[in-house]
Amino acid sequence: MKIVGDSELFQQPYDNDDNYVSRTGVKKESEDAQALGMRLVALSKTQLDKMGLDEFLYDAILKTKLIKQKTEAYRRHLQYIGKLMRGFEHEPIEAALDKVLNKNNNEAAQIQIFEKMRERLLTNGDDEVQSLLDQYPQLDRQKLRQLIRQANKELAKGPESKSSKELYKYLRSEIKD
């Protein structure tokens, strides 16, 4: 028994449409937008300032902070933020959010890098100064050697060294990665 035209008979109008999004897909996109909005609401005002958000979205997020949590008004406002989020590309917002949230980890890593650099300079002396100058030619050799000499003298007298802190500050200000 041969069934003729089965595939043509049961074909739907959206089968050939590449831009078609099902209702489930639309709901999923809405939920994702609202979840991203909730992540934005959790940020502080200074973190939001660094993200460079749209004016309407920024104002809506700040107004959310005035509404008491676990109320119906708060839930509705989060839905409103989700609605606003649907009008924007999510990738740049998520990238900015990741950058803002990861800043503390990057800052801690930078601090450790400069502290290790300072310790190597204090222990190895001129050899380390030369390798550092090869890597970062903008540094001043004379200032580095002077700070290292002063820091070693101060460290011989006691555990705290003002020059060691100055060396750290100098490295931090001059080396931009």
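What you have open is a predicted model.

**Colour by confidence**

Start with pLDDT colouring on the whole chain. The mean comes to 85, and 89% of the residues reach 70 or more.

**Select 23–41 and 72–85**

These are helices α2 and α5, and their axes sit 8 Å apart at an angle of about 110°. The two helices are therefore roughly perpendicular to each other.

Next, show side chains at the contact. From α2, bring up A33, Q34, L36, G37, M38, L40 and V41; from α5, they meet Y74, L78, Q79, I81, G82 and M85. How many charged residues are in this contact? There are no charged ones: it divides into nine nonpolar and four polar.

**Stay on α2, select K28 and D32**

Side chains of opposite charge can pair when their charged atoms come close. Here, K28 and D32 form a salt bridge, 3.1 Å from N to O. Both residues belong to α2 and are four residues apart, about one turn of the helix. Across the whole structure, a search turns up seven salt bridges.

**Jump to 126–135 and 141–157**

Now you're on α7 and α8. Their axes come within 11 Å and cross at roughly 145°, and α7 passes α8 in a right-handed crossing. For the contact, select D126, V129, Q130, L132 and L133 on α7, then R141, L144, R145 and I148 on α8. By class, that gives five nonpolar, one polar and three charged residues.

The axes of α8 and α9 come within 7 Å and cross at roughly 150°. That makes α8 roughly antiparallel to α9. Which hand does this crossing have, left or right? α8 passes α9 in a left-handed crossing.

- On α8: K143, L144, L147, I148, Q150, A151 and E154.
- On α9: K162, S163, S164, E166, L167, Y170 and L171.

Coloured by class, they split into seven nonpolar, three polar and four charged. Leave L144 and I148 highlighted before you go: both take part in the contact with α7 and in the contact with α9.

Terms used
Residues numbered from 1 in each chain as written. Predicted model: local features only at pLDDT ≥ 70, side-chain atom pairs only at ≥ 80, totals over all residues. Heavy atoms only, no water. Axes fitted to C-alpha atoms, helices over the stretch in contact; angles between N-to-C directions. Left-handed = near helix turned anticlockwise from the far one by under 90°. Contact = heavy atoms within 4.5 Å. Nonpolar A, V, L, I, M, F, W, Y, C, P; charged D, E, K, R; others polar. Parallel < 35°, antiparallel > 145°, perpendicular 65-115°, else oblique. pLDDT = per-residue confidence, 0-100. Salt bridge = Lys/Arg side-chain N within 4 Å of Asp/Glu carboxyl O.
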